[in-house]
Amino acid sequence: MSLARRIIPCLDTDGASVVKGVRFVNLRDAGDPAELAARYNREGADELVVLDIAASRDRRGTFLETIRRVAEQLAIPLTAGGGVRSVEEGRSILRAGADKLTVNTAAVLRPELIEELSREFGAQAVVLAIDAKRCAKCPDRSVAALHQASNSALASGAWEVFVRGGREATGRDAVAWAQEAVARGAGEILLTSMDRDGTRSGFDCALTAAVSRAVGVPVIASGGADNPADFLAVFSEGRADAALAASIFHDNLQRLGELKQFLASHGIPVRLVA
Amino acid sequence: MNAAKLTLVDYGAGNLPSVERALGRLGVETQRAATPEALAGSRAIVLPGVGHFGQLMRTLEERGLRGPLRDAIARGTPFLGICLGLQALFVSSEEDPKQSGLGIVGGSVQPLPKTAKLPHMGWNQLRRLRPSVLLRGVRDDAYFYFAHSFAALDAPDAAVAVCDHGASFVAALEQENVLAVQFHPEKSGDPGALVLRNFVEFARAKTAGEEA
(Lines give C-alpha, C1' and ligand atoms only; values in the text may rest on other atoms or scores of the structure.)
Protein backbone atom coordinates (compact mmCIF):
# COMPACT_ATOMS: atom_id res chain seq x y z
CA MET A 1 0.00 0.00 0.00
CA SER A 2 1.53 3.28 -1.09
CA LEU A 3 0.81 6.48 -2.91
CA ALA A 4 0.18 5.70 -6.57
CA ARG A 5 2.22 7.37 -9.28
CA ARG A 6 -0.15 9.53 -11.29
CA ILE A 7 -0.75 9.63 -15.04
CA ILE A 8 -2.06 13.02 -16.11
CA PRO A 9 -3.37 13.83 -19.60
CA CYS A 10 -2.92 17.50 -20.45
CA LEU A 11 -5.26 19.59 -22.55
CA ASP A 12 -3.40 22.56 -24.03
CA THR A 13 -6.09 24.92 -25.25
CA ASP A 14 -6.37 28.26 -27.01
CA GLY A 15 -9.02 28.99 -24.40
CA ALA A 16 -11.75 27.03 -26.17
CA SER A 17 -10.28 24.15 -28.21
CA VAL A 18 -7.50 21.69 -27.54
CA VAL A 19 -4.43 22.54 -29.62
CA LYS A 20 -1.18 20.72 -30.23
CA GLY A 21 2.26 21.81 -31.25
CA VAL A 22 5.88 20.82 -31.20
CA ARG A 23 8.18 22.76 -28.91
CA PHE A 24 5.47 25.32 -28.24
CA VAL A 25 4.94 26.22 -31.95
CA ASN A 26 2.99 24.93 -34.98
CA LEU A 27 -0.29 24.63 -33.12
CA ARG A 28 -3.17 22.64 -34.57
CA ASP A 29 -6.67 21.80 -33.40
CA ALA A 30 -6.98 18.49 -31.54
CA GLY A 31 -10.55 18.41 -30.31
CA ASP A 32 -13.12 19.43 -27.75
CA PRO A 33 -11.83 19.70 -24.16
CA ALA A 34 -15.01 18.38 -22.52
CA GLU A 35 -15.16 15.32 -24.80
CA LEU A 36 -11.52 14.47 -24.14
CA ALA A 37 -12.03 15.06 -20.41
CA ALA A 38 -14.95 12.64 -20.31
CA ARG A 39 -12.90 10.00 -22.11
CA TYR A 40 -9.88 10.35 -19.83
CA ASN A 41 -12.07 10.31 -16.73
CA ARG A 42 -13.56 7.03 -17.94
CA GLU A 43 -10.29 5.46 -19.03
CA GLY A 44 -8.50 5.93 -15.71
CA ALA A 45 -6.65 9.25 -15.79
CA ASP A 46 -5.59 10.14 -12.26
CA GLU A 47 -5.96 13.84 -12.80
CA LEU A 48 -6.44 16.26 -15.66
CA VAL A 49 -4.58 19.45 -16.52
CA VAL A 50 -6.14 22.07 -18.76
CA LEU A 51 -4.03 25.02 -19.83
CA ASP A 52 -4.82 28.19 -21.71
CA ILE A 53 -1.61 28.56 -23.67
CA ALA A 54 -2.82 31.69 -25.45
CA ALA A 55 -3.80 33.28 -22.12
CA SER A 56 -5.03 36.44 -23.75
CA ARG A 57 -6.95 38.78 -21.44
CA ASP A 58 -9.99 39.20 -23.69
CA ARG A 59 -10.58 35.46 -23.96
CA ARG A 60 -10.38 34.75 -20.22
CA GLY A 61 -14.16 34.31 -20.03
CA THR A 62 -13.99 31.65 -22.72
CA PHE A 63 -11.36 29.71 -20.79
CA LEU A 64 -13.37 29.86 -17.57
CA GLU A 65 -16.31 28.41 -19.47
CA THR A 66 -14.01 25.66 -20.78
CA ILE A 67 -12.94 24.85 -17.20
CA ARG A 68 -16.62 24.64 -16.21
CA ARG A 69 -17.40 22.29 -19.09
CA VAL A 70 -14.39 20.11 -18.32
CA ALA A 71 -15.11 19.98 -14.57
CA GLU A 72 -18.66 18.79 -15.32
CA GLN A 73 -17.18 15.64 -16.83
CA LEU A 74 -14.76 14.75 -14.05
CA ALA A 75 -14.80 12.64 -10.90
CA ILE A 76 -11.03 13.19 -10.62
CA PRO A 77 -9.01 16.32 -9.74
CA LEU A 78 -8.60 19.14 -12.23
CA THR A 79 -5.68 21.55 -12.49
CA ALA A 80 -6.05 24.64 -14.64
CA GLY A 81 -3.93 27.61 -15.53
CA GLY A 82 -2.41 29.90 -18.07
CA GLY A 83 -1.72 33.57 -17.54
CA VAL A 84 -2.72 33.69 -13.84
CA ARG A 85 -1.29 36.92 -12.39
CA SER A 86 -3.32 37.59 -9.27
CA VAL A 87 -5.27 36.02 -6.40
CA GLU A 88 -8.50 37.17 -8.05
CA GLU A 89 -7.65 35.46 -11.35
CA GLY A 90 -6.72 32.36 -9.38
CA ARG A 91 -10.01 32.48 -7.53
CA SER A 92 -12.00 32.68 -10.76
CA ILE A 93 -10.24 29.56 -12.04
CA LEU A 94 -10.92 27.61 -8.84
CA ARG A 95 -14.52 28.83 -8.73
CA ALA A 96 -14.99 27.63 -12.29
CA GLY A 97 -14.27 24.10 -11.03
CA ALA A 98 -10.50 23.59 -10.87
CA ASP A 99 -8.99 22.07 -7.73
CA LYS A 100 -5.53 23.46 -8.34
CA LEU A 101 -4.12 26.25 -10.43
CA THR A 102 -0.81 26.61 -12.20
CA VAL A 103 1.32 29.72 -12.26
CA ASN A 104 4.31 30.23 -14.50
CA THR A 105 5.45 33.53 -16.06
CA ALA A 106 3.77 35.82 -13.54
CA ALA A 107 5.43 33.94 -10.65
CA VAL A 108 8.87 34.41 -12.21
CA LEU A 109 8.21 38.11 -12.69
CA ARG A 110 6.75 38.50 -9.18
CA PRO A 111 7.54 35.51 -6.92
CA GLU A 112 5.39 36.92 -4.08
CA LEU A 113 2.40 35.79 -6.16
CA ILE A 114 3.11 32.21 -5.00
CA GLU A 115 2.88 33.27 -1.35
CA GLU A 116 -0.35 35.18 -1.98
CA LEU A 117 -1.99 32.23 -3.74
CA SER A 118 -0.75 29.72 -1.17
CA ARG A 119 -2.00 31.81 1.74
CA GLU A 120 -5.39 32.25 0.10
CA PHE A 121 -6.04 28.76 -1.29
CA GLY A 122 -3.54 26.50 0.50
CA ALA A 123 -0.30 25.02 -0.86
CA GLN A 124 -2.19 21.98 -2.19
CA ALA A 125 -3.92 24.26 -4.71
CA VAL A 126 -0.81 26.00 -6.03
CA VAL A 127 1.18 24.30 -8.78
CA LEU A 128 4.29 26.03 -10.07
CA ALA A 129 4.79 25.31 -13.77
CA ILE A 130 8.39 25.49 -14.94
CA ASP A 131 9.44 25.39 -18.59
CA ALA A 132 13.08 24.36 -18.48
CA LYS A 133 15.69 24.03 -21.20
CA ARG A 134 19.08 22.41 -21.01
CA CYS A 135 21.71 25.08 -21.54
CA ALA A 136 24.34 24.27 -24.13
CA LYS A 137 27.38 25.21 -22.11
CA CYS A 138 26.38 23.37 -18.97
CA PRO A 139 28.30 20.43 -17.49
CA ASP A 140 27.28 16.80 -17.87
CA ARG A 141 23.89 16.24 -16.28
CA SER A 142 23.32 12.65 -17.20
CA VAL A 143 21.53 10.61 -14.56
CA ALA A 144 24.71 8.73 -13.82
CA ALA A 145 26.57 11.96 -13.20
CA LEU A 146 23.74 13.21 -11.00
CA HIS A 147 23.81 10.11 -8.86
CA GLN A 148 27.43 10.83 -8.09
CA ALA A 149 26.96 14.51 -7.51
CA SER A 150 26.07 15.88 -4.11
CA ASN A 151 22.75 17.64 -3.70
CA SER A 152 24.37 21.04 -3.45
CA ALA A 153 26.09 20.55 -6.78
CA LEU A 154 22.78 19.94 -8.54
CA ALA A 155 21.78 23.57 -8.63
CA SER A 156 24.63 24.65 -10.84
CA GLY A 157 22.77 25.96 -13.85
CA ALA A 158 22.18 22.87 -15.93
CA TRP A 159 18.64 23.88 -16.91
CA GLU A 160 17.39 27.37 -17.49
CA VAL A 161 13.85 28.61 -16.80
CA PHE A 162 11.96 30.04 -19.79
CA VAL A 163 8.75 32.07 -19.63
CA ARG A 164 6.05 33.45 -21.95
CA GLY A 165 5.28 30.05 -23.43
CA GLY A 166 8.95 29.19 -23.77
CA ARG A 167 9.84 32.24 -25.82
CA GLU A 168 11.86 34.15 -23.25
CA ALA A 169 14.93 33.06 -21.29
CA THR A 170 15.17 34.20 -17.66
CA GLY A 171 18.72 33.31 -16.65
CA ARG A 172 17.23 31.45 -13.68
CA ASP A 173 18.33 27.95 -12.74
CA ALA A 174 15.36 25.57 -12.85
CA VAL A 175 16.33 23.61 -9.71
CA ALA A 176 16.96 26.75 -7.68
CA TRP A 177 13.69 28.27 -8.89
CA ALA A 178 11.77 25.14 -7.90
CA GLN A 179 13.29 25.31 -4.41
CA GLU A 180 12.46 28.98 -4.04
CA ALA A 181 8.88 28.42 -5.20
CA VAL A 182 8.37 25.61 -2.69
CA ALA A 183 9.79 27.80 0.09
CA ARG A 184 7.23 30.41 -0.96
CA GLY A 185 4.36 27.95 -0.73
CA ALA A 186 4.00 26.04 -4.00
CA GLY A 187 2.56 22.60 -3.28
CA GLU A 188 3.58 20.89 -6.49
CA ILE A 189 5.91 21.41 -9.47
CA LEU A 190 4.80 20.85 -13.05
CA LEU A 191 8.14 20.49 -14.79
CA THR A 192 8.25 20.65 -18.58
CA SER A 193 11.39 19.86 -20.54
CA MET A 194 11.32 22.20 -23.52
CA ASP A 195 14.00 20.10 -25.19
CA ARG A 196 11.73 17.07 -25.14
CA ASP A 197 8.29 18.67 -25.43
CA GLY A 198 6.50 17.41 -28.53
CA THR A 199 9.48 15.36 -29.71
CA ARG A 200 8.30 12.00 -28.34
CA SER A 201 11.88 11.14 -27.45
CA GLY A 202 11.22 10.34 -23.79
CA PHE A 203 11.06 12.43 -20.62
CA ASP A 204 14.17 14.31 -19.46
CA CYS A 205 14.83 12.00 -16.50
CA ALA A 206 17.92 13.87 -15.38
CA LEU A 207 16.06 17.15 -15.15
CA THR A 208 13.15 15.50 -13.35
CA ALA A 209 15.40 13.70 -10.87
CA ALA A 210 17.37 16.87 -10.16
CA VAL A 211 14.23 18.81 -9.27
CA SER A 212 12.54 15.91 -7.48
CA ARG A 213 15.54 15.41 -5.20
CA ALA A 214 15.80 19.12 -4.50
CA VAL A 215 12.24 19.74 -3.31
CA GLY A 216 9.93 18.11 -0.76
CA VAL A 217 6.75 18.48 -2.85
CA PRO A 218 5.48 16.23 -5.64
CA VAL A 219 6.94 16.74 -9.13
CA ILE A 220 4.97 16.18 -12.33
CA ALA A 221 7.25 15.35 -15.26
CA SER A 222 6.20 16.68 -18.64
CA GLY A 223 7.54 16.74 -22.18
CA GLY A 224 8.66 13.96 -24.48
CA ALA A 225 6.40 11.01 -23.58
CA ASP A 226 6.15 8.40 -26.30
CA ASN A 227 5.73 4.90 -24.90
CA PRO A 228 5.25 3.01 -21.61
CA ALA A 229 9.00 2.57 -21.15
CA ASP A 230 9.37 6.37 -21.03
CA PHE A 231 6.90 6.51 -18.14
CA LEU A 232 8.67 3.66 -16.34
CA ALA A 233 11.97 5.51 -16.70
CA VAL A 234 10.67 8.81 -15.40
CA PHE A 235 9.02 7.13 -12.39
CA SER A 236 12.14 5.14 -11.55
CA GLU A 237 15.31 6.98 -12.51
CA GLY A 238 13.48 10.31 -12.91
CA ARG A 239 11.90 10.04 -9.44
CA ALA A 240 8.72 11.65 -10.74
CA ASP A 241 5.57 11.56 -8.61
CA ALA A 242 3.37 12.03 -11.66
CA ALA A 243 3.84 12.11 -15.42
CA LEU A 244 1.96 14.25 -17.90
CA ALA A 245 1.43 13.82 -21.62
CA ALA A 246 -0.87 15.20 -24.27
CA SER A 247 -0.63 14.10 -27.88
CA ILE A 248 -0.01 10.38 -27.31
CA PHE A 249 -3.29 10.24 -25.39
CA HIS A 250 -5.26 12.58 -27.67
CA ASP A 251 -4.25 10.61 -30.75
CA ASN A 252 -4.93 7.25 -29.11
CA LEU A 253 -1.32 6.22 -29.60
CA GLN A 254 -1.26 5.18 -25.95
CA ARG A 255 -4.25 3.88 -23.99
CA LEU A 256 -4.26 4.83 -20.32
CA GLY A 257 -5.29 1.36 -19.16
CA GLU A 258 -2.54 -0.41 -21.06
CA LEU A 259 0.04 2.10 -19.85
CA LYS A 260 -0.97 1.50 -16.24
CA GLN A 261 -0.97 -2.28 -16.67
CA PHE A 262 2.57 -2.03 -18.02
CA LEU A 263 3.71 0.12 -15.09
CA ALA A 264 2.03 -2.18 -12.55
CA SER A 265 3.73 -5.19 -14.08
CA HIS A 266 7.06 -3.40 -13.57
CA GLY A 267 6.41 -2.73 -9.90
CA ILE A 268 5.28 0.89 -10.12
CA PRO A 269 2.27 1.52 -7.84
CA VAL A 270 -0.57 2.78 -10.02
CA ARG A 271 -4.33 3.02 -9.67
CA LEU A 272 -5.85 0.47 -12.00
CA VAL A 273 -9.39 1.22 -13.11
CA ALA A 274 -11.51 -1.77 -14.03
CA MET B 1 -36.85 24.54 3.93
CA ASN B 2 -36.88 21.42 1.81
CA ALA B 3 -36.57 18.65 4.35
CA ALA B 4 -35.51 16.07 1.76
CA LYS B 5 -32.41 18.02 0.86
CA LEU B 6 -28.93 17.59 2.10
CA THR B 7 -27.23 20.71 3.42
CA LEU B 8 -23.71 21.70 2.38
CA VAL B 9 -22.02 24.11 4.78
CA ASP B 10 -20.84 27.03 2.64
CA TYR B 11 -17.88 28.75 4.22
CA GLY B 12 -16.18 29.50 0.89
CA ALA B 13 -14.42 26.15 0.43
CA GLY B 14 -13.18 25.59 -3.08
CA ASN B 15 -14.47 22.03 -3.31
CA LEU B 16 -18.11 22.82 -2.53
CA PRO B 17 -19.18 22.86 -6.22
CA SER B 18 -17.38 19.54 -6.79
CA VAL B 19 -19.22 17.97 -3.86
CA GLU B 20 -22.48 19.37 -5.20
CA ARG B 21 -21.77 17.92 -8.62
CA ALA B 22 -20.81 14.52 -7.21
CA LEU B 23 -24.00 14.34 -5.11
CA GLY B 24 -26.01 15.60 -8.09
CA ARG B 25 -24.76 12.65 -10.15
CA LEU B 26 -26.26 10.39 -7.46
CA GLY B 27 -29.58 12.18 -7.86
CA VAL B 28 -29.27 13.88 -4.47
CA GLU B 29 -30.62 17.40 -4.09
CA THR B 30 -28.46 19.74 -2.06
CA GLN B 31 -28.71 23.24 -0.66
CA ARG B 32 -25.96 25.55 0.50
CA ALA B 33 -26.02 26.98 4.00
CA ALA B 34 -23.94 30.09 4.70
CA THR B 35 -26.10 31.30 7.62
CA PRO B 36 -27.43 29.75 10.86
CA GLU B 37 -30.97 30.12 9.48
CA ALA B 38 -30.11 28.08 6.40
CA LEU B 39 -28.51 25.42 8.58
CA ALA B 40 -31.47 25.16 10.95
CA GLY B 41 -33.62 22.09 10.45
CA SER B 42 -31.13 20.32 8.20
CA ARG B 43 -31.79 16.59 7.87
CA ALA B 44 -28.16 15.89 6.97
CA ILE B 45 -25.08 18.09 6.83
CA VAL B 46 -21.91 17.91 4.75
CA LEU B 47 -18.89 20.04 5.66
CA PRO B 48 -16.56 20.09 2.67
CA GLY B 49 -13.18 21.67 3.08
CA VAL B 50 -9.86 22.52 1.56
CA GLY B 51 -7.23 24.95 2.67
CA HIS B 52 -6.30 26.21 6.10
CA PHE B 53 -7.71 24.99 9.45
CA GLY B 54 -7.59 28.43 11.05
CA GLN B 55 -9.38 30.03 8.15
CA LEU B 56 -12.14 27.40 8.23
CA MET B 57 -12.75 27.81 11.97
CA ARG B 58 -12.63 31.62 11.75
CA THR B 59 -15.12 31.68 8.88
CA LEU B 60 -17.50 29.33 10.70
CA GLU B 61 -17.28 31.67 13.70
CA GLU B 62 -17.80 34.82 11.63
CA ARG B 63 -20.84 33.38 9.89
CA GLY B 64 -22.34 32.26 13.18
CA LEU B 65 -22.22 28.62 12.06
CA ARG B 66 -20.00 27.15 14.73
CA GLY B 67 -22.61 26.85 17.49
CA PRO B 68 -25.46 25.70 15.23
CA LEU B 69 -23.19 23.10 13.66
CA ARG B 70 -22.22 21.71 17.07
CA ASP B 71 -25.86 21.75 18.16
CA ALA B 72 -27.01 19.92 15.03
CA ILE B 73 -24.36 17.25 15.56
CA ALA B 74 -25.32 16.95 19.23
CA ARG B 75 -28.96 16.45 18.21
CA GLY B 76 -27.89 13.48 16.11
CA THR B 77 -28.09 15.04 12.63
CA PRO B 78 -26.14 12.86 10.19
CA PHE B 79 -22.89 14.67 9.41
CA LEU B 80 -20.17 14.09 6.81
CA GLY B 81 -16.86 15.95 7.03
CA ILE B 82 -14.56 15.98 4.01
CA CYS B 83 -10.79 16.63 4.22
CA LEU B 84 -10.53 19.82 6.30
CA GLY B 85 -14.11 19.02 7.32
CA LEU B 86 -12.73 15.94 9.11
CA GLN B 87 -9.95 17.94 10.77
CA ALA B 88 -12.48 20.52 12.02
CA LEU B 89 -14.07 17.82 14.22
CA PHE B 90 -11.00 17.58 16.42
CA VAL B 91 -10.17 19.71 19.47
CA SER B 92 -7.34 21.60 17.79
CA SER B 93 -4.84 21.60 14.95
CA GLU B 94 -1.16 22.42 14.92
CA GLU B 95 -1.80 24.22 11.65
CA ASP B 96 -3.31 27.02 13.75
CA PRO B 97 -2.99 26.23 17.47
CA LYS B 98 -4.81 29.40 18.53
CA GLN B 99 -8.05 28.34 16.83
CA SER B 100 -10.07 25.65 18.54
CA GLY B 101 -11.83 23.00 16.50
CA LEU B 102 -15.39 21.78 16.96
CA GLY B 103 -14.18 19.34 19.62
CA ILE B 104 -16.56 16.54 18.59
CA VAL B 105 -13.72 14.01 18.39
CA GLY B 106 -10.95 13.87 20.97
CA GLY B 107 -7.37 14.61 20.04
CA SER B 108 -5.60 16.99 17.70
CA VAL B 109 -4.53 17.39 14.09
CA GLN B 110 -0.82 17.33 13.37
CA PRO B 111 1.54 17.86 10.44
CA LEU B 112 2.49 14.72 8.53
CA PRO B 113 6.20 13.95 8.92
CA LYS B 114 8.47 15.45 6.28
CA THR B 115 10.08 12.09 5.59
CA ALA B 116 7.58 11.74 2.72
CA LYS B 117 6.73 14.33 0.06
CA LEU B 118 4.18 16.87 1.21
CA PRO B 119 1.44 17.68 0.49
CA HIS B 120 0.28 14.05 0.50
CA MET B 121 -1.11 14.50 -2.99
CA GLY B 122 -2.66 11.78 -5.07
CA TRP B 123 -4.33 8.39 -4.90
CA ASN B 124 -3.73 6.10 -1.95
CA GLN B 125 -5.24 2.99 -0.39
CA LEU B 126 -6.77 2.46 3.03
CA ARG B 127 -6.26 0.01 5.86
CA ARG B 128 -9.56 -0.93 7.50
CA LEU B 129 -9.68 -1.06 11.29
CA ARG B 130 -13.29 -2.08 11.76
CA PRO B 131 -16.56 -2.37 9.85
CA SER B 132 -17.58 0.93 8.37
CA VAL B 133 -20.77 2.59 7.17
CA LEU B 134 -18.99 4.76 4.61
CA LEU B 135 -16.83 2.00 3.17
CA ARG B 136 -19.57 -0.61 2.87
CA GLY B 137 -19.23 -2.34 -0.49
CA VAL B 138 -15.95 -0.56 -1.28
CA ARG B 139 -13.18 -2.91 -2.38
CA ASP B 140 -10.30 -3.26 0.08
CA ASP B 141 -7.79 -2.20 -2.56
CA ALA B 142 -9.72 0.86 -3.77
CA TYR B 143 -7.79 4.08 -4.23
CA PHE B 144 -8.95 7.47 -2.94
CA TYR B 145 -7.68 10.95 -3.76
CA PHE B 146 -5.89 12.86 -0.98
CA ALA B 147 -4.51 16.42 -0.93
CA HIS B 148 -3.33 17.51 2.53
CA SER B 149 -0.29 18.12 4.72
CA PHE B 150 -1.96 17.84 8.12
CA ALA B 151 -3.82 14.84 9.51
CA ALA B 152 -5.22 13.25 12.64
CA LEU B 153 -2.54 10.74 13.51
CA ASP B 154 -4.85 9.04 15.96
CA ALA B 155 -8.54 8.82 16.88
CA PRO B 156 -8.67 5.66 18.97
CA ASP B 157 -12.43 5.27 19.30
CA ALA B 158 -13.57 6.84 16.05
CA ALA B 159 -11.14 5.72 13.33
CA VAL B 160 -12.50 3.11 10.91
CA ALA B 161 -9.69 3.26 8.36
CA VAL B 162 -6.17 4.62 8.23
CA CYS B 163 -3.75 5.47 5.45
CA ASP B 164 0.04 5.65 5.45
CA HIS B 165 2.18 8.52 4.19
CA GLY B 166 5.23 9.08 6.31
CA ALA B 167 3.01 8.06 9.23
CA SER B 168 -0.25 6.28 9.76
CA PHE B 169 -3.17 8.72 9.91
CA VAL B 170 -6.95 8.62 10.14
CA ALA B 171 -8.46 8.30 6.67
CA ALA B 172 -12.05 7.71 7.77
CA LEU B 173 -13.79 8.03 11.11
CA GLU B 174 -17.27 7.23 12.37
CA GLN B 175 -18.69 8.19 15.75
CA GLU B 176 -22.46 7.66 15.95
CA ASN B 177 -23.97 10.25 13.56
CA VAL B 178 -20.62 11.82 12.76
CA LEU B 179 -18.80 10.45 9.70
CA ALA B 180 -15.73 11.94 8.09
CA VAL B 181 -13.04 11.23 5.53
CA GLN B 182 -9.61 12.77 5.01
CA PHE B 183 -9.72 12.00 1.28
CA HIS B 184 -11.93 13.70 -1.31
CA PRO B 185 -14.78 11.32 -2.25
CA GLU B 186 -15.99 13.92 -4.76
CA LYS B 187 -12.68 13.50 -6.62
CA SER B 188 -12.22 9.76 -6.12
CA GLY B 189 -14.01 8.25 -9.10
CA ASP B 190 -16.40 5.34 -8.52
CA PRO B 191 -15.23 4.38 -5.00
CA GLY B 192 -15.68 8.00 -3.97
CA ALA B 193 -19.21 8.05 -5.37
CA LEU B 194 -19.98 4.90 -3.37
CA VAL B 195 -18.77 6.56 -0.15
CA LEU B 196 -21.08 9.51 -0.80
CA ARG B 197 -23.97 7.16 -1.60
CA ASN B 198 -23.33 5.27 1.64
CA PHE B 199 -23.56 8.53 3.57
CA VAL B 200 -26.79 9.54 1.81
CA GLU B 201 -28.34 6.16 2.63
CA PHE B 202 -27.16 6.34 6.23
CA ALA B 203 -28.78 9.78 6.52
CA ARG B 204 -32.02 8.58 4.92
CA ALA B 205 -32.25 5.53 7.18
CA LYS B 206 -31.57 7.62 10.26
CA THR B 207 -34.18 10.23 9.33
CA ALA B 208 -36.77 7.53 8.49
CA GLY B 209 -36.04 5.77 11.79
CA GLU B 210 -36.70 8.94 13.75
CA GLU B 211 -39.96 9.61 11.95
CA ALA B 212 -41.25 6.08 12.41
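Author: Let's open with a contact between chains: Arg271(A) lies over the face of Trp123(B), at 3.6 Å from the ring centre. This is a predicted model, in which local features need pLDDT of at least 70 and side-chain atom pairs count only at pLDDT 80 or more, while totals for chains, interfaces and linings use all residues. Residues are numbered from 1 along each chain as its sequence is written, chains are lettered from A and ligands numbered from 1 in the order in which they are written, and side-chain values use heavy atoms, leaving out hydrogens and water.

Reader: What makes Arg271(A) count as lying over the face of Trp123(B)?

Author: A charge sits over a ring if NZ of Lys or CZ of Arg is within 6 Å of the ring centre and within 35 degrees of the ring normal. The distance for Arg271(A) and Trp123(B) is 3.6 Å, so the pair meets the distance limit.

Reader: Why are Arg110(A) and Glu116(A) called a salt bridge?

Author: The term asks for a side-chain nitrogen of Lys or Arg within 4 Å of a carboxyl oxygen of Asp or Glu. The whole structure holds 27 salt bridges over all chains. In general, side chains of opposite charge can pair when their charged atoms come close.

Reader: What about Arg164(A), and what is its partner?

Author: Arg164(A) forms a salt bridge with Glu168(A), with the closest N and O atoms 2.7 Å apart. Arg164(A) is partly exposed at 38%, and Glu168(A) is partly exposed at 35%. Arg164(A) sits in the loop between β8 (159-163) and β9 (168-173) of chain A. Its phi is near 55°, a positive value in a residue other than glycine. For context, most residues other than glycine have a negative phi, and most peptide bonds are trans.

Reader: Which residue of chain B has a positive phi although it is not a glycine?

Author: Glu176(B) does, with a phi of about 55°. Glu176(B) lies in the loop between β12 (168-175) and β13 of chain B, and its relative accessible area of 71% makes it exposed. Chain B also has a cis peptide bond, joining Leu118(B) and Pro119(B), with omega about 0°. Pro119(B) is in the loop between β6 (108-111) and β7 (120-125) of chain B.

Reader: Why is the ring pair of Phe231(A) and Phe249(A) called tilted?

Author: Rings of Phe, Tyr and Trp (its six-membered ring) pair if their centres lie within 6.5 Å; planes under 30 degrees apart count as stacked, over 60 as edge-to-face and the rest as tilted. There are seven aromatic pairs over all chains. Phe231(A) and Phe249(A) have centres 6.2 Å apart and planes at 40°, so the pair is tilted. The pair links distant parts of the chain, with Phe231(A) in helix α9 (residues 228-236) and Phe249(A) in helix α10 (residues 247-250) of chain A, 18 residues apart. Phe231(A) is buried at 0%, as is Phe249(A) at 1%.

Reader: What makes the pair of Phe144(B) and Phe183(B) stacked?

Author: Phe144(B) and Phe183(B) are 4.2 Å centre to centre with 25° between the planes, so the angle falls in the stacked range. Phe144(B) is in strand β9 of chain B and Phe183(B) in the loop between β13 (178-181) and α6 (189-211), 39 residues apart. Phe144(B) is buried at 1%, and Phe183(B) at 0%.

Reader: How many helices and strands does chain B have?

Author: Chain B has six helices and 13 strands; helices (H or I, at least four residues) and strands (E, at least two) are DSSP runs, numbered from the N terminus.

Reader: Why is chain B called as compact as a globular protein of that length?

Author: The radius of gyration is taken over C-alpha atoms, and the globule rule is 2.2 Å times the number of residues to the power 0.38. Chain B has a radius of gyration of 16 Å, close to the 17 Å that the rule gives for 212 residues, so the description holds. Buried residues make up 58% of those 212 residues.

Methods. Buried means under 20% relative accessible area, exposed over 50%, partly exposed in between (1.4 Å probe, protein chains only).
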